[in-house]
Amino acid sequence: MGISIGMVGLGQFGRGFVNLFKAHPMVDRIAFCDMEPDRIKKWADDPFMKHKFQAKDAYSTLDEICKSDLDALVIITQPQLHAPQCIQAMKSGKHVFSAVPIIYLPDGNEMLEWCDKMIATVKSTGQRYMLGETSYYVPEAMFLRRKQKEGAFGRFISAVDEYSHDYSGAHGCSLRKVQLSRDASQAGIASIKIMRQKYFSQGILYGPMHYPTHSMVGPVSIMNAHALKVSAIGTKPTGYDDYFEMSGGGFSNETAFFHMSNGAVFSAREYREVTGESGGNSIYGTCGTWRNGKWLWTKREYNTTVDQIPAHGVEEPTAAEMRDPLPRDVQKAFILAQDQSLTAEKVENMDFTPHGHGGSHPYLVHEFVSAVVENRMPTINAWEAARYMAMGIMAHESVLKDGELLKVPDWGDAPGQ
Ligand SMILES: NC(=O)c1ccc[n+]([C@@H]2O[C@H](COP(=O)([O-])OP(=O)(O)OC[C@H]3O[C@@H](n4cnc5c(N)ncnc54)[C@H](O)[C@@H]3O)[C@@H](O)[C@H]2O)c1
């Protein structure tokens with residue numbers, strides 16, 4: 001028997017997950033929740049939803065859907081709302097998948113407190129919580145985690161990771177437009193009012209390291225290490241646009257340098273006012289290095305002569321080669337979800353190419369549904385997610401203290417990991 005799932009937040013990002021959750025073979029029933037009625041209607045009227053959606057499963061508030069008998073909620077609301085909503089959902093007996101980050105607020109101490117509360121709630125309720133960090137399931141992250149498990153990196157030396165998303169949209173998606181759209185809905189208007197009163201008017205300064213998950217997840221999950229200390233430097237907005245004033249001023253770009261628990265160092269960049277949009281990492285090890293989309297390896301053995309060069313090589317795997325496999329029945333369901341004009345017969349022999357943020361969306365959906373069905377800890381659980389958050393929060397704190405070296409708190413590994 002499968003599970004029932006409620007989609008909470010059907011805005012720009014949430015809509016990209018509906019067909020996948022609905023199509024997953026282990027999902028029997030789907031529900032919709034958004035404060036904007038037209039966003040529910042779109043899905044309620046969609047013929048693809050028909051045999052898993054009933055009219056009673058349309059909800060206009062989180063409070064309402066929390067009273068339902070659904071097994072799990074997928075919360076893809078504005079980033080400043082996540083933590084309290086996820087905690088409310090878990091306390092009402094639901095497993096939770098949340099969009100990133102755990103929470104996004106100007107006050108770092110408050111964000112750390114929410115991380116604490118999130119872990120405490122997972123412990124006290126026994127519900128499953130997963131953070132939907134897309135970069136965890138990009139092809140190179142899957143490939144490099146396999147390399148780490150094989151011990152192919154040798155000793156880790158360092159890592160570099162970056163998430164650059166310019167507000168202007170000159171070389172990609174406009175963050176300014178995204179923000180305006182998030183602030184325009186009923187939930188957005190209400191929460192931006194609170195943000196202005198509670199933080200911006202008090203002079204509490206935001207920085208992009210408070211939305212750190214995209215640049216932290218790769219090195220942390222691949223090296224299987226967390227940060228011990230951080231020093232970071234920020235740059236102030238140039239002032240050409242009121243984008244940063246709209247979101248409380250502060251810093252537009254932040255660069256951090258972490259001392260990791262495995263002895264490696266990690267440099268992270270979170271940039272919001274920069275030419276070019278980019279993401280991705282380089283990871284350096286004594287026996288294996290990932291750089292510019294290539295895997296370079298050296299077999300270190302005891303050399304008997306001066307000119308004996310150890311065995312070595314370079315691999316440039318394709319995205320398909322780097323990805324972990326998904327079960328075939330799940331692949332077939334997702335092929336149909338991506339193109340509903342196909343027949344089941346046609347799908348039978350088709351290859352599956354995952355889409356959505358580097359092909360990560362189908363993996364996130366499958367991991368969350370499987371973790372709930374199998375009653376196990378999801379990959380990006382609350383403890384793992386809190387690591388990404390604490391790193392960014394302390395990096396921003398260091399920026400505010402002009403690069404002071406600060407300790408990064410850690411909640412340890414998830415139980416049983
Ligand atoms: N690569 C990534 O991981 C990635 C990419 C884009 C967005 N995101 C995250 O996805 C989230 C959503 O972003 P978006 O652009 O879709 O925002 P959005 O504003 O378009 O959508 C949010 C929706 O949530 C609804 N909502 C909020 N509170 C509600 C409540 N209490 N009850 C019912 N509905 C409620 C709003 O009405 C709105 O429709 C953000 O947290 C963002 O950080 C992640």
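This is a predicted model: local features need pLDDT of at least 70, side-chain atom pairs count only at pLDDT 80 or more; totals for chains, interfaces and linings use all residues.
The protein chain contains 15 helices and 15 strands. Its radius of gyration is 22 Å, close to the 22 Å that the globule rule gives for 417 residues, so the chain is as compact as a globular protein of that length. Along the principal axes, the C-alpha atoms fill a box of roughly 75 × 60 × 45 Å. Of the 417 residues, 46% count as buried. Among contacts with a separation of 6 or more, 73% come from residues 24 or more positions apart.

Nine strands are arranged in an open sheet with mixed pairing, and their order is β14-β13-β12-β11-β7-β10-β9-β8-β15. The edges are formed by β14 (312-315) and β15 (406-407), each of which pairs on one side only. Toward the β15 end of this order, strand β8 (residues 227-235) runs antiparallel to strand β9 (residues 253-260), and eight bridges join the two. Within this pair, serine 231 has phenylalanine 257 in β9 as its bridge partner.

Two helices that pack on the sheet can be described next to this pair. Helix α9 (residues 213-223) touches β7 (156-164), β9, β10 (265-271) and β11 (278-285), and its direction makes about 155 degrees with that of β7. Helix α15 (residues 382-400) touches β8, β9 and β15, with a direction at about 50 degrees to that of β8.

Toward the β14 end of the order, strands β12 (residues 288-291) and β13 (residues 294-298) pair in the antiparallel sense over four bridges. Glycine 288 stands opposite tryptophan 297 in β13. The hairpin of β12 and β13 has two residues between the strands, and asparagine 292 in this hairpin takes a positive phi near 50 degrees. Strand β13 also runs antiparallel to β14, to which four bridges join it. Here the bridge partner of leucine 296 is valine 314 in β14.

Technical notes
Residues are numbered from 1 along each chain as its sequence is written. Two strands pair if DSSP finds at least two bridges between them. Two residues are in contact if their C-beta atoms, placed from the backbone, lie within 7 Å. Axes are lines fitted to C-alpha atoms, for helices over the stretch in contact, and angles run from 0 to 180 degrees between N-to-C directions. The radius of gyration is taken over C-alpha atoms; the globule rule is 2.2 Å times the number of residues to the power 0.38. A residue is buried if 20 or more other C-beta atoms lie within 10 Å of its own, exposed if 12 or fewer, and partly exposed in between; C-beta atoms are placed from the backbone.
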